[in-house]
Amino acid sequence: MSRIGKQMKRSLRAHHGAHPIVILAVMVASLLVLPLFLGGQVNGYGVYAILQTFADYGPIALAVGMSMIIAEYDLSAAVVYGLGALLAVKLGVHSVVLGALIAVAVGLVGGLLQGAIMARLSMSSVGVTLGGLLTYTGITEIYSNNKTVPYPRFDVGLRLDARVLSIFSIRSLIVIGIFGVVAAAMHFTRLGPEVRGVGGDRRSSLIAGVPVKRTLVGIMALGGMVAAFGGALDGYSVASAVPNVGFEPLVFATIAAVLGGVTLSGGRGGPVGIACGALSLATLEETLIVINAPPYVSSVVTGILLVLVTLATAPEVWKLPIVRTLLRWRGMRAQAGALRAQAIGEAPGKQ
Amino acid sequence: MSLDTTSAPARPSGEPATVLARFSLASLLQPSTLFPALIGIVLLIAAVTTTGFWSTTNIRSVLFGAALVGILACGLTLITVSGNVLSMSLGITTAACAIAFVYFLRLGTPAAIVISLALGAAICGVQGLIAGVYGANPIILTIGAGVAQTGVVEWLTRGESITPPAHASYSFMAGTVAGIPFAAYVFVVVAIVLELLLRRTALGREMCLTGANKQAARAAALPVAGITIVAFAVAGLCAGATGVLLGATNESAGLALQANYTFDAITAVLIVGTVITGGRGSAIRSAVGAIGIAVIASVVQLREYSFGVQVAVEGVFVLVIVIAAQIRRRSVANR
């Protein structure tokens with residue numbers, strides 16, 4: 001590879017990982033500006049709807065995002081979500097808490113099993129979580145008898161989704177709380193550096209004494225619990241559970257994680273970024289609803305968005321002409337800054 | 001590193017062929033061979049003990065189901081062998097090609113077939129380009145491409161099924177030849193052609209090398225990006241062929257045609273021990289995996305179990321095989 005190519009790669013790596021706050025700001029701006037040109041109206045209910053979508057898919061985004069930070073990819077998270085909803089709906093009729101606890105327990109066990117297989121046998125997540133996805137799908141379809149299962153207690157959903165402070169609901173506040181707890185654990189304990197270390201360079205982390213296997217198992221278990229709990233909340237909210245949630249939640253979760261600064265190669269990002277990414281995507285979806293876009297537009301936009309973010313975070317994206325031009329321009333600016341600093345006697349390399 | 005596609009070294013005349021020598025008892029007792037064989041035995045027992053399995057209608061149905069999944073699985077094998085793990089959207093591409101085939105029957109059957117094949121190759125080829133040239137993660141890329149395809153197909157079809165023109169002649173593809181479904185013949189041809197491609201051509205060897213070690217392949221000046229594009233494009237051709245057969249059989253085409261084909265093809269490839277990281281694989285083995293999937297589906301249907309049983313069984317089989325293959329790899333590496 002040429003010297004310029006190597007410099008381009010280094011520059012890209014330094015700026016890899018999106019700026020989640022900037023992206024969220026762009027999405028909010030689109031929500032406010034686009035309806036002015038394309039019709040539709042934004043109001044307080046729209047913000048509530050965005051936070052409800054965040055409550056729907058945020059837990060899966062957290063599960064998938066955390067697995068991506070440790071350089072894996074949990075394909076089974078969305079199906080665990082669906083199974084969590086089913087368990088809560090079927091077993092939470094007399095006790096809402098019991099239904100949710102059983103869902104969390106099943107998610108925990110599944111996550112522990114998958115994580116243990118991956119850690120013990122040094123296996124990539126693709127095969128294991130694919131097998132897990134198929135097994136969970138089968139279990140969900142068998143347990144639901146391949147039919148949508150209704151939940152008779154509508155009052156639970158009404159209470160969970162009742163507006164609090166006009167834009168929140170108990171459900172969205174619970175999900176925000178989950179993100180907060182995980183973010184605090186990552187920030188204030190050594191969990192954060194260990195998780196990012198395992199994702200960034202597993203071998204070096206092992207040499208440095210990081211409990212790599214325990215971290216791997218822990219993150220998979222956390223993902224299972226969070227996804228299942230999110231599913232339980234969703235099941236109570238819509239008072240039903242479907243036999244097959246499809247790919248949509250996984251797509252949302254992946255885009256949300258990448259928009260939130262998590263890279264596919266691992267080692268970067270955190271719960272706050274993932275939350276921003278999920279909010280950004282929820283805002284985009286609300287924008288499409290507000291401008292009365294037909295339903296297929298959402299599929300096309302989210303699909304293309306996922307392809308674009310996969311391309312943007314690809315290791316050799318610097319080969320794209322537009323990226324080369326951008327980096328060259330950035331390189332020229334850096335050079336110009338260095339020359340100016342030299343001319344007026346400042347320390348070189350300072351911009 | 002051993003490759004399935006390396007040819008036998010020169011031997012003095014009179015020695016038995018290397019192919020037979022490979023099937024020693026020791027190699028048969030390895031987990032990566034033993035478990036697929038055990039699963040095969042389980043399936044055989046299940047099939048034998050299921051009432052109605054051996055009826056002509058059911059065998060024909062199993063062959064047809066195996067053919068559709070098998071053609072996809074053979075194409076997917078090339079993606080896996082070349083180090084691109086898997087494609088998560090071959091099913092939706094198949095449905096899109098089926099819709100295109102049924103729609104373009106107004107231009108004649110040959111034109112409709114060509115357009116369907118070209119569409120499949122183009123859709124998957126573009127994904128191969130993004131993965132091959134820029135190194136994009138193929139799993140996530142193909143998930144996104146699948147969702148985008150779903151949206152585009154919904155937009156173009158307005159959610160309705162497309163029906164063929166009245167005078168179109170395509171029913172021969174839905175029929176049988178000497179009692180065996182036409183699709184089964186296509187399946188056999190595709191499996192043999194792709195197996196020969198992997199074993200007997202320079203391209204096939206380069207695919208295996210690229211899958212085994214991409215950096216080494218680049219250092220050896222192999223056209224890694226081009227190989228990836230070709231692997232995806234051939235998988236797309238297979239999706240196109242499956243789409244044509246599906247469209248011809250159903251006499252209409254819509255998004256629902258994708259059914260469970262994506263995961264069935266993936267299961268067929270993994271269940272026979274194909275290494276998910278690439279470098280090794282066989283189209284014929286994947287074809288056998290597809291027959292296994294069709295047998296599972298038939299047994300489940302005949303015993304009136306739910307579809308969930310089929311998916312759960314496939315999931316457990318995938319886990320067992322993938323774990324067994326990894327145990328085998330680790331034990332070889334630790335010797």
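Is Trp54(B) buried or exposed? Trp54(B) has 52% relative accessibility and therefore counts as exposed. The legends below describe close-up views of a predicted model.

**View 1. Aromatic pair of Phe53(B) and Trp54(B).** Over all chains, the whole structure holds seven aromatic pairs. One of them joins Phe53(B) and Trp54(B) in an edge-to-face arrangement, with 5.0 Å from centre to centre and 80° between the planes. Phe53(B), at 4% relative accessibility, counts as buried, whereas Trp54(B), at 52%, counts as exposed.

**View 2. Crossing of helices α3(A) and α12(A).** In chain A, α3 (residues 44–69) and α12 (residues 248–259) have axes that come within 8 Å and cross at roughly 65°. The two helices are therefore roughly perpendicular to each other. Their crossing is right-handed. By class, the contact consists of twelve nonpolar, three polar and one charged residues. On the α3(A) side the contact residues include Thr53(A), Tyr57(A), Ile60(A) and Met68(A); on the α12(A) side they include Glu248(A), Pro249(A), Leu250(A) and Phe252(A).

**View 3. Packing of helices α8(B) and α13(B).** In chain B, α8 (residues 182–200) packs with α13 (residues 283–302) at an angle of about 150°, and the axes lie 8 Å apart. Helix α8(B) contributes Phe187(B), Ala191(B), Leu194(B), Glu195(B) and Leu198(B) to the contact. Helix α13(B) contributes Ala283(B), Ile284(B), Ala287(B) and Ile291(B). Eight of the residues in this contact are nonpolar, none is polar and one is charged.

Note on methods. Residues numbered from 1 in each chain as written. Chains lettered and ligands numbered in written order. Predicted model: local features only at pLDDT ≥ 70, side-chain atom pairs only at ≥ 80, totals over all residues. Heavy atoms only, no water. Axes fitted to C-alpha atoms, helices over the stretch in contact; angles between N-to-C directions. Helix = DSSP H or I, 4+ residues; strand = E, 2+ residues; numbered from the N terminus. Contact = heavy atoms within 4.5 Å. Nonpolar A, V, L, I, M, F, W, Y, C, P; charged D, E, K, R; others polar. Parallel < 35°, antiparallel > 145°, perpendicular 65-115°, else oblique. Left-handed = near helix turned anticlockwise from the far one by under 90°. Phe/Tyr/Trp six-rings, centres within 6.5 Å; stacked < 30°, edge-to-face > 60°. Buried < 20%, exposed > 50% of the residue type's maximum accessible area, 1.4 Å probe, protein only.
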